[in-house]
Amino acid sequence: MTHDWREAAFETRAIHAGQDPDPVTGAVITPIYQTSTYVQEAVGVHKGYEYSRTDNPTRTALHEAMAALEGGAWALAYASGLAATQNLTYLLSPGDHVLLSDDAYGGTYRLIAKVTSRYGVDFSLVDMSDLDAVRGAIRPETRLVWVETPTNPYLKIVDIRAVADLLTDHPARLVVDNTFASSYLQQPLALGADLVLHSTTKYLGGHSDVVGGIVVGNEPEVLETLRFHQNAAGAVPGPFDCWLTLRGIKTLAVRMERHSANARTVAEFLREHDAVGRVFYPGLPGHPGHEIAKRQMRDFSGMVSFTVRGGYEAAMAVAGSTKVFQLAESLGGVESLIEHPGQMTHASVAGTGAEVEDSLVRLSVGIEHESDLMADLRQALEAVVPAGVA
Ligand code: P1T
């Protein structure tokens, strides 16, 4: 009989849930079932697996682990975060409306605005950190309310429980993209969300070596609809990708603690620097969402954005002159990254009213030693504003 890991603490669940030793060989680590198909004893008589688009044992282990980590009844893994997002749009029908955060990953916006909307689904953007604005933007035909918190790239904080309360008597489902916080720092289902989504490419994978997505939920009929459409449309992750993600989540808790500690140090340093305009980090007491973040997150995660005085040219110069922070899209890996959202991750929101400032730089603060991170940022910023010149 397998142990009920749901009783265990997060760190223990991350290592064991869904990952009992292999019953055939005793292998402690879940094998990579690199197979597309499964032999049947007779037509329809098999061990639960028929074809790997539909199901694969390494993927099943990831489903069980992620359901246990987010406190949901089920999880479904995908080939990317956006494949997960797209699969959720199959819950919609023509005439439905989606309410989307005005600050969200550019690819999420692009999918809803340029793909889903072609099929008769309307959408609107709202600042989800403003509850009155959310209340005013919900329509009778709203069926998905799409929250990112912290948001990408401005690190705004949305009060998950308060938005869930607004939807108590409304048929819309509340989806929380938990990518920036990770399952360790934030548990949206416990706060009233209906569905949680991650780009597992980020903190869950944790090592910038795999692209993937996951959705976690409780309603059996939603699982049935999503599984049907995933199997029909095919956006499934391969077994090795599932295995890499499983390996990543084993160390999620310790990584998130270091990411958060380093990011806090970086944010405090940036706040004092003459070359820096505004600093966006929910862990700073002056951040407008700080108190909500303290309530709904265990810590403040590893993402920090800031504007550079001197505008676009200066921001490009900073993004181009760090050495430890590597210039790249994505986030959540052990290594630190720097990017220019306007030109990179959020280029697809240009001209929509949801664009980002061109003086904005985003950091994914990794788990290197903080002294090397600070020295790197100091030299990059001093190239823009020499020391001592205000
Ligand atoms: O890249 P993919 O695994 O498909 O995940 C998309 C996605 C979904 N949600 C959030 C909050 C995200 O940040 C992303 C991807 N984001 C980046 C690549 C980035 O650099 O912001």
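One salt bridge is counted between domain 1 and domain 2 (a side-chain nitrogen of Lys or Arg within 4 Å of a carboxyl oxygen of Asp or Glu). Arg-295 pairs with Asp-159, and their closest N and O atoms are 3.1 Å apart. The model is predicted: local features need pLDDT of at least 70, side-chain atom pairs count only at pLDDT 80 or more, and totals for chains, interfaces and linings use all residues. Residues are numbered from 1 along each chain as its sequence is written, and side-chain values use heavy atoms, without hydrogens and water.

**Domains**
- Domain 1 spans 10-250 and domain 2 spans 253-382; the bounds come from an automatic or database domain assignment.
- Their C-alpha centres lie 25 Å apart.
- Each domain puts 40 residues into the contact (heavy atoms within 4.5 Å).

**Buried area**
- The two domains bury about 3,200 Å² between them, 59% of it on carbon and sulfur atoms (accessible area, 1.4 Å probe, lost on being put together, summed over both parts).
- On the domain 1 side, Tyr-154, Leu-185 and Tyr-203 lose the most area to domain 2, together 25% of what that side buries.

**Polar contacts**
- Between the domains, 19 residue pairs are in polar contact, both residues at pLDDT 80 or more.
- A polar contact is a pair of N or O atoms within 3.5 Å; within protein, one must be able to donate a hydrogen and the other to accept it, and residues adjacent in sequence count only if both atoms are side-chain atoms.
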